[in-house]
Amino acid sequence: MSPSPWLAPAAFAAAYLATATLSHFLAHGAGHVARFWLPGGLFLGVLLLTEVRAWPRWVAAAAVGSLGFDLFIAHHDSLSSIAAIFCGNAAAAVIGAWTLRRFVVERPTLSTVRELAGWVVFPGLVATPFAATLGALATDDFESPTFVATWATWFISHA
(Lines give C-alpha, C1' and ligand atoms only; values in the text may rest on other atoms or scores of the structure.)
Protein backbone atom coordinates (compact mmCIF):
# COMPACT_ATOMS: atom_id res chain seq x y z
CA MET A 1 0.00 0.00 0.00
CA SER A 2 1.42 3.38 -0.99
CA PRO A 3 1.46 6.38 1.32
CA SER A 4 -1.36 8.83 0.95
CA PRO A 5 -0.84 11.51 -1.71
CA TRP A 6 -1.75 13.97 1.06
CA LEU A 7 1.00 12.85 3.49
CA ALA A 8 3.73 15.01 1.95
CA PRO A 9 1.42 18.04 1.57
CA ALA A 10 0.40 17.64 5.24
CA ALA A 11 4.08 17.73 6.20
CA PHE A 12 4.49 20.76 3.93
CA ALA A 13 1.58 22.52 5.70
CA ALA A 14 3.36 21.97 9.01
CA ALA A 15 6.65 23.24 7.53
CA TYR A 16 4.83 26.27 6.07
CA LEU A 17 3.39 27.07 9.50
CA ALA A 18 6.80 26.60 11.16
CA THR A 19 8.68 28.78 8.67
CA ALA A 20 5.94 31.43 8.79
CA THR A 21 6.27 31.49 12.57
CA LEU A 22 10.05 31.77 12.29
CA SER A 23 9.63 34.58 9.73
CA HIS A 24 7.27 36.38 12.08
CA PHE A 25 9.77 36.25 14.92
CA LEU A 26 12.71 37.20 12.67
CA ALA A 27 10.75 40.29 11.67
CA HIS A 28 10.17 41.07 15.36
CA GLY A 29 6.41 40.66 15.05
CA ALA A 30 6.15 43.10 12.16
CA GLY A 31 2.41 42.57 11.81
CA HIS A 32 0.73 41.58 8.57
CA VAL A 33 3.86 41.60 6.43
CA ALA A 34 7.01 39.80 7.53
CA ARG A 35 10.29 41.19 6.30
CA PHE A 36 11.65 37.68 5.78
CA TRP A 37 8.92 35.44 4.35
CA LEU A 38 10.64 32.06 4.39
CA PRO A 39 7.55 30.03 3.40
CA GLY A 40 7.55 31.78 0.02
CA GLY A 41 10.84 30.15 -0.95
CA LEU A 42 9.72 26.81 0.45
CA PHE A 43 6.45 27.05 -1.50
CA LEU A 44 8.24 27.98 -4.74
CA GLY A 45 10.69 25.12 -4.30
CA VAL A 46 7.95 22.56 -3.73
CA LEU A 47 6.09 23.70 -6.84
CA LEU A 48 9.24 23.50 -8.93
CA LEU A 49 9.88 19.94 -7.73
CA THR A 50 6.40 18.60 -8.43
CA GLU A 51 4.18 18.05 -11.44
CA VAL A 52 1.82 20.90 -12.29
CA ARG A 53 -1.20 18.61 -11.91
CA ALA A 54 -0.27 18.18 -8.21
CA TRP A 55 -0.09 21.91 -7.52
CA PRO A 56 -3.65 22.20 -6.16
CA ARG A 57 -2.67 19.82 -3.35
CA TRP A 58 0.33 21.97 -2.48
CA VAL A 59 -1.67 25.21 -2.65
CA ALA A 60 -4.29 23.68 -0.34
CA ALA A 61 -1.55 22.57 2.07
CA ALA A 62 0.01 26.05 2.04
CA ALA A 63 -3.44 27.53 2.68
CA VAL A 64 -3.84 25.31 5.75
CA GLY A 65 -0.39 26.30 7.06
CA SER A 66 -1.08 29.95 6.34
CA LEU A 67 -4.48 29.81 8.04
CA GLY A 68 -2.89 28.29 11.12
CA PHE A 69 -0.26 31.02 11.17
CA ASP A 70 -2.77 33.83 10.66
CA LEU A 71 -5.17 32.57 13.32
CA PHE A 72 -2.78 31.38 16.03
CA ILE A 73 0.47 33.32 15.59
CA ALA A 74 -0.36 36.60 13.82
CA HIS A 75 -3.86 36.75 15.32
CA HIS A 76 -5.60 38.13 12.25
CA ASP A 77 -9.33 38.12 12.82
CA SER A 78 -10.77 38.97 9.42
CA LEU A 79 -11.16 35.98 7.10
CA SER A 80 -11.18 38.31 4.11
CA SER A 81 -7.78 39.76 5.04
CA ILE A 82 -6.43 36.24 5.79
CA ALA A 83 -7.57 35.09 2.34
CA ALA A 84 -6.17 38.17 0.61
CA ILE A 85 -2.80 37.84 2.35
CA PHE A 86 -2.61 34.18 1.38
CA CYS A 87 -3.47 35.04 -2.23
CA GLY A 88 -0.54 37.46 -2.29
CA ASN A 89 1.80 34.85 -0.86
CA ALA A 90 0.51 32.07 -3.11
CA ALA A 91 0.73 34.29 -6.18
CA ALA A 92 4.47 34.73 -5.68
CA ALA A 93 5.04 30.98 -5.64
CA VAL A 94 2.55 29.89 -8.28
CA ILE A 95 3.28 32.63 -10.81
CA GLY A 96 7.02 32.33 -10.21
CA ALA A 97 7.03 28.55 -10.67
CA TRP A 98 4.70 28.63 -13.66
CA THR A 99 6.61 31.35 -15.54
CA LEU A 100 9.98 29.74 -14.81
CA ARG A 101 8.76 26.34 -16.02
CA ARG A 102 6.92 27.80 -19.01
CA PHE A 103 9.57 30.16 -20.33
CA VAL A 104 12.90 28.75 -19.14
CA VAL A 105 12.93 25.03 -18.38
CA GLU A 106 10.39 22.42 -17.28
CA ARG A 107 12.63 20.98 -14.54
CA PRO A 108 14.96 23.68 -13.21
CA THR A 109 18.36 22.52 -11.98
CA LEU A 110 20.12 25.91 -11.91
CA SER A 111 22.98 24.31 -13.80
CA THR A 112 23.05 26.84 -16.64
CA VAL A 113 23.29 30.61 -16.81
CA ARG A 114 19.95 30.66 -18.67
CA GLU A 115 18.21 28.87 -15.78
CA LEU A 116 19.85 31.11 -13.20
CA ALA A 117 18.83 34.23 -15.14
CA GLY A 118 15.31 32.82 -15.51
CA TRP A 119 15.18 32.21 -11.76
CA VAL A 120 15.93 35.90 -11.17
CA VAL A 121 13.68 37.28 -13.90
CA PHE A 122 10.50 35.24 -13.60
CA PRO A 123 9.99 34.53 -9.90
CA GLY A 124 11.89 37.67 -8.87
CA LEU A 125 10.85 40.33 -11.33
CA VAL A 126 7.53 39.05 -12.66
CA ALA A 127 5.82 37.20 -9.81
CA THR A 128 7.11 39.29 -6.92
CA PRO A 129 5.65 42.66 -8.02
CA PHE A 130 2.29 41.00 -8.69
CA ALA A 131 2.33 39.30 -5.28
CA ALA A 132 3.47 42.50 -3.57
CA THR A 133 0.57 44.39 -5.11
CA LEU A 134 -1.96 41.78 -3.99
CA GLY A 135 -0.45 41.64 -0.52
CA ALA A 136 -0.22 45.39 -0.11
CA LEU A 137 -3.81 45.82 -1.25
CA ALA A 138 -4.85 43.17 1.28
CA THR A 139 -3.27 45.05 4.15
CA ASP A 140 -3.45 48.69 3.05
CA ASP A 141 -5.63 50.99 0.94
CA PHE A 142 -4.18 51.96 -2.46
CA GLU A 143 -4.66 55.63 -1.65
CA SER A 144 -3.10 55.33 1.79
CA PRO A 145 0.12 57.28 2.37
CA THR A 146 1.72 54.05 3.65
CA PHE A 147 0.78 51.95 0.58
CA VAL A 148 4.19 52.33 -1.10
CA ALA A 149 6.01 51.33 2.09
CA THR A 150 3.70 48.33 2.53
CA TRP A 151 4.23 47.34 -1.12
CA ALA A 152 8.00 47.64 -0.73
CA THR A 153 7.96 45.45 2.39
CA TRP A 154 5.98 42.77 0.55
CA PHE A 155 8.32 43.00 -2.44
CA ILE A 156 11.45 42.68 -0.32
CA SER A 157 10.04 39.76 1.66
CA HIS A 158 9.29 37.76 -1.51
CA ALA A 159 12.29 38.78 -3.60
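Visitor: In which helix is Ser 66 found?

Guide: Ser 66 is found in helix 3, where helices are DSSP runs (H or I, at least four residues) numbered from the N terminus. Please keep in mind that this is a predicted model, in which local features need pLDDT of at least 70, side-chain atom pairs count only at pLDDT 80 or more, and totals for chains, interfaces and linings use all residues. Residues are numbered from 1 along each chain as its sequence is written, and side-chain values use heavy atoms, with hydrogens and water left out.

Visitor: Why does Ser 66 count as buried?

Guide: Buried means under 20% relative accessible area, exposed means over 50%, and partly exposed lies in between (1.4 Å probe, protein chains only). Ser 66 has 3% relative accessibility, so it counts as buried. Leaving aside neighbours within four places in sequence, Ser 66 is in contact (heavy atoms within 4.5 Å) with Tyr 16 and Phe 86.

Visitor: Why is Ser 23 called buried?

Guide: Ser 23, which is found in helix 1, has 0% relative accessibility and therefore counts as buried. The C-alpha atoms of Ser 23 and Leu 38 are separated by 6.0 Å, although these residues are 15 residues apart along the chain.

Visitor: What makes the pair of Phe 12 and Tyr 16 edge-to-face?

Guide: Rings of Phe, Tyr and Trp (its six-membered ring) pair if their centres lie within 6.5 Å, and planes under 30 degrees apart count as stacked, over 60 as edge-to-face and the rest as tilted. A search of the whole structure finds eight aromatic pairs. In the pair of Phe 12 and Tyr 16 the ring centres are 6.1 Å apart and the planes are at 70°, so the pair is edge-to-face. Because Phe 12 and Tyr 16 are four residues apart in helix 1, they are separated by about one helical turn.

Visitor: Are Phe 12 and Tyr 16 buried or exposed?

Guide: Phe 12 counts as buried because its relative accessibility is 5%, and Tyr 16 is buried with a relative accessible area of 1%. Phe 12 also forms an edge-to-face aromatic pair with Trp 58, at 5.5 Å centre to centre and 75° between the planes. This pair links distant parts of the chain, with Phe 12 in helix 1 and Trp 58 in helix 3, 46 residues apart.

Visitor: Which residues touch the most other members of the largest nonpolar core?

Guide: A nonpolar core is a set of buried Ala, Val, Leu, Ile, Met, Phe, Trp, Tyr and Cys residues joined through side-chain atoms within 4.5 Å. The largest one has 24 residues, of which Phe 12, Tyr 16, Phe 43 and Leu 47 touch the most other members. The elements that give two or more residues to this core are helix 1, helix 2, helix 3 and helix 4.
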